[in-house]
Amino acid sequence: MLVAKSEQSIGAAALGGGNPAASPDPSHAAPILDVRGLSISFRGRDGITHVTRDVSFQVAPGERVGVVGESGCGKSVTGLSLLRLLPERTAIINGEIRFDGCDLMSMKPKEIRKIRGRDISMIFQEPMTALDPVFTVGQQLIETLRTHYPMPFAEARDRSVQALRDVGIPSPEQRIDEYPHQFSGGMRQRVMIAMALICKPKLIIADEPTTALDVTVQAQIIDLLKELSENTGTALLFITHDLGVVAETCSRMITMYAGEVVESSPVDDVLRRPGHPYTSGLLRSLPRLSDRGGRLPFIPGRVPSPHAMPEGCRYQERCAHAGAGCDRYQQMVEISEGRHARCHKAADLELEGAVT
Amino acid sequence: MSTASQSSVEDDRNIVTVENLKIHFPLKGGQTVKAVDGVSFQIRAGETLGIIGESGSGKSTVGRALVGLLKPTGGTLRYGDTDISALSASEYKRLRKNYQIIFQDPHAALNPRMTILQSLVEPMEIQGEGTRESRRKTALAALERAGLATEIALRHPHELSGGQKQRINIARALTVHPQFIVCDEVVAALDVSVRGSILNLFADLQEELGLTYAFITHDISVVAHVSQRVGVMYLGNMMELGPTDAVIENPLHPYTQALLSAEPRPVPSDMREDRRIRLEGEIPSPVAPPSGCRFRTRCPFATEKCKTEVPQWREIVRNHRVACHYATPDGRIG
């Protein structure tokens, strides 16, 4: 279906127009992205390092899903692996990645290149390193568009101007001929978003897209991403360490710890009553504006090294609720409908969230 | 052991006084970057003054100037009653050790080739303090005080986690018994789950040793948690300064109001207050800052007067100052 996508489909889904894929309740639609049992390891001088294990999650069309976790939990590597952007010589990837019915894992490099930037695009943390400094933003936008959809230059340019306008860049007719260094940090990130959206993808993977930005600019970019995703029906996989950003943007939150998904729940539920002790620990560690002074909660200890992962639950050494049965391998268990946690005690625990 | 133990918490003495501080950096072609352009405040003994602002606000430049890492272009900086520009080099060196700074990146602040112990004794060696043995003892005591096992002393930085490295940097600052520490984004590089333990450590040390802090960060929730007073900087100027509760609950300056409402909060959707004063655009260049009020180009309330007149630094509520023509005591603008 992907390969057969005609030139007309982009014309039909004109920029800013509605997309039939944006159904009001995305959770019951067939997933646009279906990841099952994804395990990533790297070959190195000292042997093989296992980075993620058995990562499974789904994203419905038009859904906005946040992937949270601390540094080293495997969230960025997972994001990169979806588009097969990890170095082929060293990365060992096992599992299934299905996008819109197609198996991304078995695709040839030539086929995956057709998907990158057209059906799935990616936004990175640092726009200056993701944009090419020697080409104008217009050249880069036009190249992206014409690579996937052969069209006359003038038409591609018009669409690029419109794309810049859609992401709120003032006087796009002039700015399209400027180079990345002539844009401010926030404007550069808008250019990245324009580039990610120009082919009307079905899914955007955004890896810490606002982390390098100031908080007032971050607010603008969050609002923009949310608005564009709503208007165009583009699904969003939002990788971030910032739980506040996820709360404001996404409807579902996936928590990763030490290379595993430990929880997947609707955002509002997880903020009130998380299902996994680690999610609870993370939420409680955030200093709250309303609760000033006093002792701050924190999680004792540190993430186990990939070379010394404990048997069973990977969080047990830091967990206040650890006990009998935690030394066994933990399955994801359903706590209630749509809520899963990798903890055999999840159903019995009353865990504190970000609000009390 | 502490030279600062005589200072009770929050007495009236000012540890640091800054008046009309200016720090300009020359550029090629005769232009200057006005990183800090006329900032005045005091830091009282035993308190934590939080300084918040976005990148380019000049908050880190102020922090560096407070410990003498940058020389002011204009204005005065006093340690206690002493104007530091009037001191001789040796007098200054002696006084200077009471004023320490801890940086954001705990890894970059440590020499990777030195053991932790070597890093810890270095400040004392520079100050020419004690004997080899007494320096070692002080270093190990500081390690324990920072919550680390003394066995760590013989390791190298790469063997430690980010949180442990930041504890080393804290311990290193403690070895020379400072009165005052500038904490420049000290938890920004750390994972959320360990930030709490480091912030708790700062609070404990303040209580035990009577330390005074300037806590510089872009993270409002961190500043709200640790500070008694908060100053808000924008483009080289202080926009608002007051008690933490007042600044967080009843911000007087439109910029503070926008900053607070832009902070993404991890609360369920039905508890989220409607978005905010949304600011357009980004912070202007400090080479050619706007005339009048520096915030006017992004301020939703700006008028002609804001273009022509620099707002006065007014105390419109007791102990709560603001630089805005239209700020009122109840937080309304106009």
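This is a predicted model: local features need pLDDT of at least 70, side-chain atom pairs count only at pLDDT 80 or more; totals for chains, interfaces and linings use all residues.
**Figure 1. Overall dimensions of chain A.** Chain A contains 12 helices and 12 strands. Its C-alpha trace extends over about 65 × 50 × 45 Å along the principal axes. For 356 residues a compact globule would have a radius of gyration near 21 Å, and the 21 Å of chain A agrees with this expectation. Of the 356 residues of chain A, 48% count as buried. Among contacts in chain A between residues at least 6 apart in sequence, 67% link residues at least 24 apart.

**Figure 2. The annotated domain of chain A.** According to the UniProt record, an unreviewed entry, the feature "domain: ABC transporter" lies at residues 35-283 of chain A.

**Figure 3. The eight-stranded open sheet of chain A.** In chain A, 8 strands form an open sheet with mixed pairing, and their order is S6-S7-S8-S3-S9-S10-S12-S11. Strand S6 (120-123) and strand S11 (333-336) of chain A each have a single partner strand and stand at the edges, so one side of each is left without a neighbour in the sheet. From one strand to the next, the twist averages 20 degrees. Helix H8 (residues 185-197) of chain A packs on the sheet, where it touches S6 and strand S7 (203-207) of chain A. The direction of H8 makes about 175 degrees with that of S6(A).

**Figure 4. A parallel strand pair within the sheet of chain A.** Strand S3 (residues 64-68) and strand S9 (residues 252-257) of chain A run parallel and are joined by 4 bridges. Gly66(A) has Met253(A), in S9(A), as its bridge partner. In general, strands of a sheet pair through backbone hydrogen bonds, either parallel or antiparallel.

**Figure 5. Helix H2 of chain A and the residue Arg84(A).** Helix H2 of chain A comprises residues 75-82 and is mostly covered, with 6 of its 8 residues buried. The buried residues in H2(A) are Lys75(A), Val77(A), Thr78(A), Gly79(A), Ser81(A) and Leu82(A). Arg84(A), which follows H2(A), has a positive phi near 55 degrees.

**Figure 6. The side of chain A that touches chain B.** Contacts between the two chains involve 40 residues of chain A and 35 residues of chain B. On the side of chain A that touches chain B, the elements giving two or more residues are helix H9 (215-232), helix H10 (243-249), helix H11 (267-272) and helix H12 (277-285) of chain A. H9(A) provides the largest share of this side, 7 residues. Classified by residue type, the side of chain A that touches chain B has 19 nonpolar, 11 polar and 10 charged residues.

**Figure 7. Overall dimensions of chain B.** Chain B has 10 helices and 12 strands. The globule rule gives 20 Å for 334 residues, and the radius of gyration of chain B, 21 Å, is close to that value, so chain B is as compact as a globular protein of that length. Along its principal axes, the C-alpha trace of chain B spans about 65 × 55 × 45 Å. Buried residues make up 48% of the 334 residues of chain B. Of the contacts in chain B with a separation of 6 or more, 64% are between residues 24 or more positions apart.

**Figure 8. The annotated domain of chain B.** The UniProt record, an unreviewed entry, assigns "domain: ABC transporter" to residues 16-260 of chain B. This span of chain B is 38% helix and 27% strand. Its end C-alpha atoms lie 27 Å apart.

**Figure 9. Antiparallel pairing of strands S1, S4 and S5 in chain B.** Strand S1 (residues 14-26) pairs with strand S4 (residues 74-79) of chain B in the antiparallel sense over 5 bridges. The bridge partner of Val16(B) in S4(B) is Tyr79(B). S4(B) is also joined by 2 bridges to strand S5 (residues 82-83) of chain B, and these two strands run antiparallel. Here Tyr79(B) has Thr82(B), in S5(B), as its bridge partner. The hairpin of S4(B) and S5(B) has 2 residues between the strands, and Gly80(B) in this hairpin takes a positive phi near 60 degrees.

Technical notes. Residues are numbered from 1 along each chain as its sequence is written. Chains are lettered from A and ligands numbered from 1 in the order in which they are written. Two strands pair if DSSP finds at least two bridges between them. Axes are lines fitted to C-alpha atoms, for helices over the stretch in contact, and angles run from 0 to 180 degrees between N-to-C directions. Two residues are in contact if their C-beta atoms, placed from the backbone, lie within 7 Å. UniProt positions are given in the numbering used here, feature names are shortened, and annotations may be inferred rather than shown by experiment. The radius of gyration is taken over C-alpha atoms; the globule rule is 2.2 Å times the number of residues to the power 0.38. A residue is buried if 20 or more other C-beta atoms lie within 10 Å of its own, exposed if 12 or fewer, and partly exposed in between; C-beta atoms are placed from the backbone. Ala, Val, Leu, Ile, Met, Phe, Trp, Tyr, Cys and Pro count as nonpolar, Asp, Glu, Lys and Arg as charged, and the others, Gly among them, as polar.
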